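Thanks for passing this one along. Here are my notes, as a few numbered points to read beside the model.

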Amino acid sequence: MTAPAPDTTADTLVVAEVFGPTVQGEGPSMGRRASFLRLGGCNLACSWCDTPFTWDATRFDLRAELTRTPVPELVARVLEGSPGIVVITGGEPLLHQQQPGWAALLATLNVAGVEVEVETNGTLAPTPATAAAVTRFNVSPKLTHSNDPTDKRIRPDALTALHHTGRAAFKFVCRTPADIQEAAAHTAAYGIPPHEVWVMPEGTTTGELDERLRLLADPAIRAGFNLTTRLHVHAWGDERAR
Ligand code: SF4
């Protein structure tokens with residue numbers, strides 16, 4: 001018997017954009033059909049952030065960029081076109097974990113039977129309810145070149161908690177082989193096995209990605225890591241909502 005869908009009418013979340021079906025462009029699910037829900041707000045300020053419109057009030061009018069939206073409307077939109085995966089991203093989506101709308105969103109997606117991926121910067125531990133409802137956490141701890149302070153970007157308790165869910169893939173944005181060594185130091189410190197780690201070139205153009213991928217491929221493989229590119233950039237460039 002199918003469980004009744006939860007009543008989520010009163011629940012809302014602060015959203016930057018909802019789009020899809022497209023493909024998951026990065027990490028272990030790269031190439032799979034997916035829809036995306038991008039939530040507002042972030043607790044970091046990476047120098048190369050490709051979604052500053054979700055958090056940076058010095059460059060964007062966040063009242064125009066972010067909209068508080070009812071969860072049923074969000075669910076209906078992300079399930080349009082029957083994607084295999086719904087990706088909840090940001091900004092930093094785990095900042096929303098205490099919102100009633102978050103629980104309602106996950107419950108409704110679970111009832112719909114769709115896989116749920118959460119993309120996080122790895123600074124916040126998932127609540128037990130979040131951990132139970134998510135198919136995979138795509139955890140992207142930030143390295144020195146992000147220019148975020150070390151004590152803000154590397155949170156041992158959160159990284160350990162995410163690793164212990166048994167459903168985390170760790171994705172490091174890299175520019176040089178030295179970045180891979182920095183990533184390896186972090187994964188060794190937290191007991192994260194290399195087969196759970198993906199190295200991804202930083203870049204928002206095909207040229208940047210190609211150039212960095214050539215530099216990173218051999219060192220990543222030697223470190224025992226997996227490699228990913230950013231498939232959506234190859235397909236659509238830096239276009240928003242793709
Ligand atoms: S954690 Fe992600 S969303 Fe936040 S500033 Fe860094 S790249 Fe941007």
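1. Let me start with the loop between strand S2 (33-39) and helix H1 (62-65), where Thr51 sits. Helices (H or I, at least four residues) and strands (E, at least two) are DSSP runs, numbered from the N terminus. This is a predicted model, in which local features need pLDDT of at least 70, side-chain atom pairs count only at pLDDT 80 or more, and totals for chains, interfaces and linings use all residues. Residues are numbered from 1 along each chain as its sequence is written, and side-chain values use heavy atoms, with hydrogens and water left out.

2. Thr51 has a record attached: an unreviewed UniProt entry gives it the feature "binding site". UniProt positions follow the numbering used here, feature names are shortened, and annotations may be inferred rather than shown by experiment. Thr51 counts as buried because its relative accessibility is 9% (buried is under 20% relative accessible area, exposed over 50%, partly exposed in between; 1.4 Å probe, protein chains only). Beyond its neighbours within four places in sequence, Thr51 is in contact with Arg38, Gly90 and Gly91 (contact means heavy atoms within 4.5 Å).

3. Two of those partners deserve a second look. The peptide bond from Gly90 to Gly91 is cis, with omega near 10 degrees. Gly91 lies in the loop between strand S4 (85-89) and helix H3 (100-112).

4. There is also a cis peptide bond from Gly20 to Pro21, with omega near -5 degrees. Pro21 belongs to strand S1 (residues 12-23).

5. Please check the backbone at Asn147 too: its phi is near 65 degrees, positive in a residue other than glycine. Asn147 is in the loop between strand S6 (136-139) and helix H5 (150-153), and it counts as exposed because its relative accessibility is 60%. Ala241, not a glycine either, has a positive phi of about 60 degrees. Ala241 falls in the segment after helix H9 (231-236) and, at 31% relative accessibility, counts as partly exposed.

6. Now the whole chain. The protein chain has 9 helices and 9 strands, and 51% of its 242 residues count as buried. Among contacts between residues at least 6 apart in sequence, 73% join residues at least 24 apart.
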